[in-house]
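Hi everyone, thanks for coming. I'd like to walk you through the inside of one protein today, so please have a look at the model first.

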Amino acid sequence: MFRSPSKAAAFMFMLLLLNIACEATLNSKYYKKTCPKALTTIRTSIRSAIARERRMAASLIRLHFHDCFVQGCDASILLDETSTVESEKTALPNFQSARGYEVIDKAKSELEKICPGVVSCADILAVAARDASAYVGGPSWTVLLGRRDSKTASRTKANQELPSFRDSLDRLISRFQSKGLTARDMVALSGSHTLGQAQCTTFRDRIYSNSTNIEAGFARKRRNRCPAVGGDANLAPLDLVTPNSFDNNYFKNLVQKKGLLQSDQVLFSGGSTDRIVSEYSKNRATFNSDFASAMVKMGNIKPLIGKAGQIRRICSAVN
């Protein structure tokens with residue numbers, strides 16, 4: 001007949017389970033003891049980078065988004081190509097458009113000086129996105145921490161799973177739902193296009209289409225920097241009104257048929273998300289709140305936690 005374990009043994013077992021559970025859950029105080037200056041160190045690096053180039057705020061938010069949509073929020077987007085790593089940097093949605101790698105590398109370098117081997121590149125990406133938003137007048141939010149870095153990347157998945165500027169509304173909703181995000185989350189996150197710029201090649205078809213779903217004067221003005229042939233890399237602001245400030249003008253633009261990308265304008269084109277766009281165009285506070293909530297949800301897409309993955313010493317290479 002088996003004897004029951006002692007109360008002491010049972011108590012120790014429960015403590016072990018509790019410790020494992022705590023280690024395997026993202027939380028905002030993750031570095032409180034191991035690297036108490038982690039968040040202020042990242043914030044300093046991010047603010048410095050955006051002060052030098054305002055456009056960097058949009059790039060850092062986008063970098064976190066493009067990371068989380070491929071393999072989860074694991075910093076796979078930061079890995080360079082090697083004989084064993086298929087870099088996502090060269091995937092079509094990222095190649096010559098994803099930016100800010102050096103900003104993350106700089107923040108990581110500063111962290112390695114004060115607490116080597118502690119703060120993950122995946123967490124730096126998450127904090128950088130929040131700090132970028134706040135610096136240019138957008139919302140802030142509590143970032144949950146404790147992600148670890150992947151040892152792999154996938155150019156194939158990046159090409160397949162990242163949203164495209166050509167996507168229909170149904171396709172966009174489906175892509176976001178596959179990551180656990182709702183249509184409302186999708187519209188809110190799309191609002192990050194209140195910042196940043198797009199290359200001519202991504203909106204040429206729209207401004208030369210003679211479509212009824214684009215304001216004629218807006219299309220004519222955009223053609224000045226985007227000829228019918230050539231100039232593929234020429235840039236235009238996604239929000240012509242306030243391109244360097246985080247506000248809700250992006251949604252006001254959509255209501256006026258002034259969305260730069262087709263994937264922007266489909267959010268307000270007689271479909272199921274029109275109501276959300278209209279709401280955000282009238283209520284900046286609601287948009288800010290929903291954007292912050294959606295960023296927290298996005299940052300929780302399949303993170304590596306506990307003993308999975310590793311803490312990279314440099315963000316562009318596996319240890």
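Let's start with charges over rings: Lys 89 sits over the face of Tyr 101, 4.4 Å from the ring centre. Arg 223 does likewise with Tyr 208, lying over the ring face at 5.2 Å from its centre. Please keep in mind throughout that this is a predicted model.

Now to the aromatic rings. How many aromatic pairs are there by our rule? The count comes to 12. One of them is Trp 141 with Phe 291, an edge-to-face pair with 5.9 Å from centre to centre and 75° between the planes. What does that pair tie together? Trp 141 is in the loop between H5 and helix H6 (155-161), while Phe 291 belongs to helix H14 (residues 284-298), so the contact links parts that lie 150 residues apart in sequence. Are these two residues buried or exposed? Trp 141 counts as buried because its relative accessibility is 10%, and we have set the limit for buried at under 20%. Phe 291 is buried too, with a relative accessible area of 0%.

A further edge-to-face pair is formed by Tyr 250 and Phe 251, with 4.9 Å between the centres and 80° between the planes. Both of these residues are buried.

The structure holds 1 cavity of 30 Å³ or more, and the largest cavity contains about 90 Å³ of space. Its lining has 13 residues, and those nearest the centre are Trp 141, Val 143, Arg 147, Met 295 and Val 296. Helices H5 and H14 each give at least two residues to that lining.

The largest pocket is next, with about 1,200 Å³ of space. Which residues lie nearest its centre? They are Arg 62, His 66, Pro 93, Ser 97 and Leu 261, out of 45 lining residues. Several elements supply two or more residues each, among them H3, H6, strand E1 (197-199) and H14. H3 gives the largest share of the lining, 6 residues.

On to the nonpolar core. The largest one has 72 residues, and the members that touch the most others are Leu 78, Ile 104, Leu 267 and Met 298. Helix H5 (residues 121-135) contributes the largest share of this core, 9 residues. Apart from this core there is another one of 12 residues, including Phe 203, Ile 214, Phe 218 and Ala 219.

Let me finish with a glycine. Gly 100 lies in the loop between helix H3 (56-68) and helix H4 (101-114). Gly 100 is buried, because its relative accessible area is 1%. Beyond the residues up to four places away in sequence, Gly 100 touches Met 56, Leu 60 and Leu 63. Gly 100 and Ile 46 are 54 residues apart in sequence, with 9.9 Å between their C-alpha atoms.

That's my tour, and I'm happy to take questions.

How values were computed: Residues are numbered from 1 along each chain as its sequence is written. This is a predicted model: local features need pLDDT of at least 70, side-chain atom pairs count only at pLDDT 80 or more; totals for chains, interfaces and linings use all residues. Side-chain values use heavy atoms; hydrogens and water are left out. Helices (H or I, at least four residues) and strands (E, at least two) are DSSP runs, numbered from the N terminus. Buried means under 20% relative accessible area, exposed over 50%, partly exposed in between (1.4 Å probe, protein chains only). Contact means heavy atoms within 4.5 Å. A nonpolar core is a set of buried Ala, Val, Leu, Ile, Met, Phe, Trp, Tyr and Cys residues joined through side-chain atoms within 4.5 Å. Rings of Phe, Tyr and Trp (its six-membered ring) pair if their centres lie within 6.5 Å; planes under 30 degrees apart count as stacked, over 60 as edge-to-face and the rest as tilted. A charge sits over a ring if NZ of Lys or CZ of Arg is within 6 Å of the ring centre and within 35 degrees of the ring normal. On a 1 Å grid over the protein atoms alone, a cavity is a set of points where a 1.4 Å probe fits but cannot get out, and a pocket is an open set with protein on both sides within 12 Å along at least five of seven lines; lining residues have an atom within 4 Å of a point. Grid points are joined across faces, edges and corners, and a volume is the space filled by probe spheres set on the points.
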